[in-house]
Structure formats: structure tokens, C-alpha cells
Amino acid sequence: MNDQWTNRLSEYIDGELDSTERAALEAHLATCGQCYATLAELRQVVTRAKALPDTPPTTDLWPDIRARLTPGRRPEVSRDTTNVRRRFSFSVPQLLAASIALVLLSGGSVWLALQQRPTDTPVATPQPTTITPAATWTRSTDAAIADLQAVLVQNEKRLDTATVRIVRKNLAVIDRAIAEARIALRNDPGNAYLNLHLATTMRRKVELLRRVNDMAAARS
Amino acid sequence: MSRQVLEDTLTADSIAADSALAASGDATAFERLYRTHVARVHTLVRRMLDADEADDVTQDVFIRAWQKLSTFRGESAFGTWLHRLAVNVVLARRKRVGIERGRFINEEDPLDGVTSKRVTPELSMDFEEALASLPEGARQVFVLHDVEGYRHEEIARMLGVVPGTSKSQLHHARMALRRHLEQ
């Protein structure tokens with residue numbers, strides 16, 4: 001085996017040789033069956049590495065992790081003027097775009113859910129872990145929303161009028177979507193899409209509130 | 001919007017929203033993030049360190065994520081942010097346990113550390129075992145480059161070596177692992 005070239009085979013595979021080196025190596029490969037075979041094996045190694053599966057731990061680590069989360073501590077929400085670091089770049093047009101996207105998403109998912117109601121086909125869900133029973137989910141999210149809205153009341157005075165108007169308009173759109181989802185769920189509480197839609201919409205509201213509060217804190 | 005696209009959108013939105021909710025202190029949302037990402041994090045940790053450290057370090061990664069969630073800007077996917085954080089925790093661990101830079105560089109022949117047992121049809125498992133038996137430096141470079149997709153320049157910065165060392169370790173690791181592809 002030609003060590004001079006064998007040691008360059010990985011760089012060749014990764015495209016890290018310059019054109020002169022690459023041409024010289026390719027010329028060598030045309031005459032050296034051993035290097036050619038090694039190159040093929042190395043390529044298989046690279047291919048196999050990319051296909052290695054992820055495997056979960058054999059024991060559930062969550063109980064120990066949960067026990068180590070600081071009890072009762074919430075990661076920081078921007079509540080006062082001491083937090084002046086801007087964590088999100090969030091413009092008025094972006095808020096409006098988010099609103100439009102939310103309306104489209106809301107309409108699409110509710111329409112799809114309602115379209116599927118007459119059939120007996122079970123509705124596939126994206127991931128079991130993303131769907132929590134609505135009663136549980138809304139309790140925790142309602143608490144987060146109430147917390148963030150209280151902060152927003154204090155923060156609104158730091159925002160200009162146009163921004164406040166657009167934020168309120170967005171929140172109204174989200175609230176309408178939440179209300180519609182709740183009504184639909186009353187008629188079809190087991191509908192996976194509606195449950196997920198409600199959860200996603202409520203979380204959108206949390207995200208919007210957080211971002212607005214961050215924006216207000218950054219402007220203070 | 002097709003059903004699959006809608007499902008993908010909802011899943012991505014759900015993860016993004018969970019990260020925001022967890023950042024506001026919702027441990028239930030954080031548990032959902034844990035369930036979604038634990039396999040990827042645990043696998044990364046297990047491959048980068050010794051298997052018996054994987055559970056503890058994986059826990060450290062998620063604790064760290066909980067503490068740092070307020071710094072997550074949402075500019076990248078949560079999974080990408082968490083993955084990078086996991087790499088940093090692993091590298092900090094590596095540093096803490098005193099794996100000196102000299103030892104990393106002076107590993108003469110990573111092939112010596114790899115068993116040459118006969119490969120069975122259980123190629124994936126054999127490959128994982130062969131990977132685990134590589135010397136630490138070669139194993140970490142291989143995992144970061146070939147499995148996780150980092151570039152040599154990034155790896156060199158993370159490990160405190162020069163890119164040439166990263167390239168050399170990668171080649172040695174590949175040469176060792178190719179034995180475990182033989183039929």
C-alpha cells in the first residue's frame with residue numbers, strides 16, 4: 001500500500017485537496033488497486049457514520065432531571081428595566097407577518113380537522129409526546145399567559161402607540177383562534193388535531209407575549 | 001397545504017412554542033422537549049465519552065439547557081441549539097477530567113486501540129463498539145465530523161488543536177473503523 005497516498009484518501013473524500021493534489025491522487029488510484037479498494041471502504045465508513053441511529057437511554061432520566069430543576073424557579077421573564085439586553089429582534093412588520101401566518105395555520109388546521117370528522121379513520125398525530133390532554137395543557141398555559149399578560153400591562157407604556165396597536169390586534173387574532181378551538185373541542189374533545197391546534201395557538205400567544213415583553217425591556 | 005406538511009409545521013411550531021413556554025418556567029413543556037430530544041443527546045454523549053458517563057452527562061445537558069433557555073434567541077431550531085449546548089457540556093467534561101491536549105495530539109496510532117474481532121451481520125452494533133474502542137481523540141473527531149457534521153476548523157477550535165490534527169485523527173479513525181465493514 002502506498003502510504004503517501006493512503007494518508008490523503010480522507011482529505012480526497014472530503015474535498016480538501018487542491019486541484020493539483022486531487023489530479024495526482026486520481027492518477028495514482030487508476031493504477032493502484034489497493035488504494036482504490038481502501039478509498040471505497042473509507043467511503044463506506046463515512047456513509048455508515050451518517051446512518052448511525054440515535055438510541056434513547058435504557059432508563060428514564062427525566063425524574064432525576066425534574067428533581068434537579070430549581071423548585072419554583074422560572075427562567076427569567078423580562079419584568080423590569082434592569083434587563084436591557086435585547087434577546088429578540090422583533091419588528092412591527094414581523095409581528096404582522098406572524099399574525100398572518102397564524103391565521104393561515106389556524107384556518108388550515110381547523111379546516112382539516114373538521115374535514116376529517118365524518119370519517120372513521122383515526123387521525124395521525126405528529127408525535128405522541130407533543131399532545132397533552134387539553135385540560136392539563138390549558139391549565140399550565142393559562143398560568144403562563146396570565147403571568148406574561150400582567151407583565152405586558154406594565155411594559156406597554158414603553159412601546160410606541162403603533163406597536164401597541166399591532167400587538168393588541170395580534171393578540172385579538174390569537175384569542176379568536178383559541179376561542180374557536182375551544183368551541184370546536186367541546187363538540188369533539190378527542191380530536192387530536194384540534195387539541196394540538198389549541199395547544200399550538202396558546203403557545204403562540206405565550207411566545208408573542210414573551211417577545212413583546214423582551215422588546216419593551218430592551219427599549220427601556 | 002398537504003397533511004404531511006401540516007403535521008411537520010405543527011410539530012416544528014410545537015417544539016418552538018414548547019421552548020418558549022419552558023423558558024417562561026413551564027416544566028411540563030420542558031419535559032416534552034426532553035422526550036423529543038433525549039435520544040439524540042444521549043447518543044451524542046455516549047459516543048463522545050465513556051458509556052458509563054452518558055446518563056449523568058445527559059442529565060447535565062438538560063439541566064444546563066433549563067438554566068440557559070432564557071438565552072435561546074429562537075434564531076435556530078431548538079434542536080440545533082440544544083445539540084451545540086450538549087457538545088459544549090461534553091467538551092467541558094472532557095477538560096474537567098484532565099484529558100490533556102498533549103495526550104490528544106500524541107496518540108501514536110489510533111488503530112492500536114481497536115479490537116480486530118470478526119464482524120457479524122449486526123454491523124451497526126459492531127460499528128458502534130468499534131467506535132467506542134477508538135482512542136478518545138480520534139473518536140471525538142470522528143463523531144463530530146462524520147456523525148455530527150462539524151467542519152475541521154470548528155472541531156479544531158472546540159478541541160484546542162490545529163485543523164491538521166483533526167484531519168489526521170479523522171483519517172486514522174476511518175482507517176480503523178473500515179475493518180468493521182468487512183464481510
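Author: The answer below starts with the model and its confidence, and then turns to the helices.

This is a predicted model, in which local features need a pLDDT of at least 70 and side-chain atom pairs count only at pLDDT 80 or more, whereas totals for chains, interfaces and linings use all residues. Residues are numbered from 1 along each chain as its sequence is written, while chains are lettered from A and ligands numbered from 1 in the order in which they are written.

The model scores ipTM 0.78 and pTM 0.59. Chain B averages a pLDDT of 81, and 78% of its residues score at least 70, pLDDT being the predictor's confidence in each residue on a scale from 0 to 100. Within chain B, confidence is lowest in helix H5 (residues 101-105), with a mean of 46, and highest in H9(B), with 95. Residues 100-123 of chain B have a pLDDT below 50, although this stretch has 34 contacts in the model beyond near neighbours in sequence; a contact requires C-beta atoms, placed from the backbone, to lie within 7 Å. Where pLDDT is low, the predicted coordinates should not be read in detail.

Chain B holds nine helices and zero strands, where helices (H or I, at least four residues) and strands (E, at least two) are DSSP runs numbered from the N terminus. Of the 183 residues of chain B, 44% count as buried, meaning that 20 or more other C-beta atoms, placed from the backbone, lie within 10 Å of the residue's own, while 12 or fewer make a residue exposed and values in between partly exposed. Among contacts in chain B with a separation of 6 or more, 62% are between residues 24 or more positions apart.

Two packed helices are described by the angle between their axes and the distance between the axes. The axes of H7(B) (residues 136-147) and H9(B) (residues 163-177) come within 8 Å and cross at roughly 95°, the axes being lines fitted to C-alpha atoms, for helices over the stretch in contact, and the angles running from 0 to 180 degrees between N-to-C directions. H7(B) and H9(B) are therefore roughly perpendicular, a term for angles of 65 to 115 degrees, with those under 35 roughly parallel, those over 145 roughly antiparallel and the rest oblique. H7(B) contributes B:Gly137, B:Ala138, B:Arg139, B:Val141, B:Phe142 and B:His145 to this contact, and H9(B) contributes B:Ser166, B:Gln169, B:Leu170, B:His172 and B:Ala173. These residues divide into five nonpolar, five polar and one charged, where Ala, Val, Leu, Ile, Met, Phe, Trp, Tyr, Cys and Pro count as nonpolar, Asp, Glu, Lys and Arg as charged, and the others, Gly among them, as polar.

Helix H8(B) spans residues 152-159, and its buried residues are B:His152, B:Ile155 and B:Leu159. These residues cover an arc of only 60° around the axis, which puts them on the same side of H8(B), the arc being that of the directions from the helix axis to the C-beta atoms. An α-helix has 3.6 residues a turn, so residues three or four places apart point the same way. After H8(B) comes B:Gly160, which has a positive phi, near 75°.

H8(B) also meets H9(B), with axes that come within 8 Å and cross at roughly 105°, and the two helices are therefore roughly perpendicular to each other. B:His152, B:Glu153, B:Ile155 and B:Ala156 of H8(B) make this contact with B:Pro163, B:Ser166 and B:Lys167 of H9(B), a set of three nonpolar, two polar and two charged residues.

Notes. Two residues are in contact if their C-beta atoms, placed from the backbone, lie within 7 Å.
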